[in-house]
Amino acid sequence: MTHPSTRSMAQLPLADERVYLPYKIATLVDTLAEAGVEPARSLERTGLQASDLRSTVLKTSIRQFTTVCRNGMAATGDPELPFRAGTRMHVSSYGMYGYALLCCQTLREVTQMAVKFHRLATPTVGLTFREEDGEAVWTFDDVLDLGSDDALYRFLVEFQYGIHQTLARDMVGPEFKLSRLRARYARPAHADLYGAYFGCPIEFDQPDTELRYAAALLDKPAAYRNPITVAMAAEVCERMLVEARNASGLTRRVYNLLMERPGQFDDMEALARKLNTSSRTLRRHLTTQGTSYKEILDDVRCHLAKEYLRSTRMGVDDIASTLGFSDAANFRHAFRRWTHKSPSDFRR
């Protein structure tokens, strides 16, 4: 049997790598608290408590953040939530990373810094930047592989739109204006909120999800520019980036080893031998990084299942067998836990 290529999937962010400071989680919990949602409810199923978010050393995962997003969506049913949360994400919300952005000379330097250090900011969308026909263009890629019809994907994009506008206004002042937004998803019932928050045309059902503004703004001097401070802050961010990469290194190696043999996954003993260590030591190191063999295997199975459903005609029974499930029912249950969709809904 020919398996889909795993090269691109191996570069996807791993849901359970705990390498991110809780900037976005803390902001979302605060926004929900203002709406009357207790922090304990916002943090359900994350393993976190409100007091944890004040820690200077806490590292969290993408899954923990997206769980808070889903909790908020379920608790409020309020389509304005991601917009309100995005307006709270000022540079001060991002610690040293935000300080580096704040002290840049121009918005052009901010874009370079943001692309370089995006990994520090719990990347739930991929970011690419270009200039086109007099506009600065940010494209948001669906790196979590949610699909444009997923409510969580729309939530994350709306949150990101708000973050971009808020940060840009922090840099160059309240006169910053977006020229237009584009989204891959269909026009939502709350489309009026886009006009209220962004004051620019919005196009839905587009090939790409984009945020655009006049390229002339890129070279406008930033309000708090300081070349010495930005150099010092960038140096700290470089160290943080190295720490994040090193912390996730073992997790990534285990993930890649499992991806090498789809359907014939090594157990802990076999993985430990390949990594020249003992299974006990491997288990301890993964625990230290806030993950486990089971969680990494779940990531692998989830990515492969999506690829099989998207790119092949394999039936659910065959996919379940290939991924090592005892029967299709167990696979369906796991797939819904991973994606909040059934395999048949995802394939459609």
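User: Which residue is the bridge partner of Leu-181 in E5?
Analyst: In E5, Leu-181 has Leu-211 as its bridge partner. Strands (E, at least two residues) and helices (H or I, at least four residues) are DSSP runs, numbered from the N terminus. This is a predicted model, in which local features need pLDDT of at least 70 and side-chain atom pairs count only at pLDDT 80 or more, while totals for chains, interfaces and linings use all residues. Residues are numbered from 1 along each chain as its sequence is written, and side-chain values use heavy atoms, with hydrogens and water left out.

User: How do E3 and E5 pair?
Analyst: Strand E3 (residues 180–182) and E5 are antiparallel, with three bridges. Two strands count as paired if DSSP finds at least two bridges between them.

User: And which residue stands opposite Trp-138 in E5?
Analyst: That residue is Leu-211. Strand E2 (residues 135–141) pairs with E5 in the antiparallel sense over five bridges, and Glu-135 has Ala-214 as its bridge partner in E5.

User: In what order do the strands of the open sheet run?
Analyst: The order is E1-E2-E5-E3-E4, five strands with mixed pairing. Strand E1 (126–132) and strand E4 (202–203) are at the edges with a single partner strand each, so one side of each has no neighbour in the sheet.

User: How many bridges join E1 to E2?
Analyst: Seven bridges join these antiparallel strands. Gly-126 stands opposite Asp-141 in E2, and Phe-129 stands opposite Trp-138 in E2. The hairpin of E1 and E2 has two residues between the strands, and Asp-133 takes a positive phi near 50° there.

User: How many residues of E2 are buried?
Analyst: Six of the seven residues of E2 are buried, where buried means under 20% relative accessible area, exposed over 50%, and partly exposed in between (1.4 Å probe, protein chains only). Strand E5 (residues 210–214) is also mostly covered, with four of its five residues buried.

User: Where is Phe-204, and what does Phe-204 touch?
Analyst: Phe-204 lies in the loop between E4 and E5. Phe-204 is buried, at a relative accessible area of 11%. Leaving aside residues up to four places away in sequence, Phe-204 touches Ala-183, Tyr-185, Ala-186, Arg-187, Pro-188, Ala-191 and Tyr-194; a contact means heavy atoms within 4.5 Å.

User: Changing topic, how many cavities of 30 Å³ or more are there?
Analyst: There are two. On a 1 Å grid over the protein atoms alone, a cavity is a set of points where a 1.4 Å probe fits but cannot get out, and a pocket is an open set with protein on both sides within 12 Å along at least five of seven lines; lining residues have an atom within 4 Å of a point. Grid points are joined across faces, edges and corners, and a volume is the space filled by probe spheres set on the points.

User: What lines the largest cavity?
Analyst: The largest cavity, of about 230 Å³, has 19 lining residues, with Val-110, Ala-114, Trp-138, His-164 and Leu-167 nearest its centre. H7 gives the largest share of that lining, five residues. The lining comprises 14 nonpolar residues, four polar and one charged. Here Ala, Val, Leu, Ile, Met, Phe, Trp, Tyr, Cys and Pro count as nonpolar, Asp, Glu, Lys and Arg as charged, and the others, Gly among them, as polar.

User: Which residues line the second largest cavity?
Analyst: They are Asp-145, Leu-146, Asp-150, Lys-306, Thr-339, Lys-341 and Phe-346. The second largest cavity holds about 40 Å³, and its lining has two nonpolar, one polar and four charged residues.

User: What is the volume of the largest pocket?
Analyst: The largest pocket has about 740 Å³. It is lined by 30 residues, and Ala-15, Arg-63, Thr-66, Thr-67 and Trp-338 are the closest to its centre. Helix H3 (62–76), helix H13 (293–311) and helix H15 (328–339) each contribute at least two lining residues. The lining of this pocket splits into ten nonpolar, nine polar and eleven charged residues.

User: Where does pLDDT stay under 50?
Analyst: pLDDT, the predictor's confidence in each residue from 0 to 100, stays under 50 over residues 1–11. Where pLDDT is low, the predicted coordinates should not be read in detail. For the protein chain the mean pLDDT is 88, and 94% of residues reach 70 or more.
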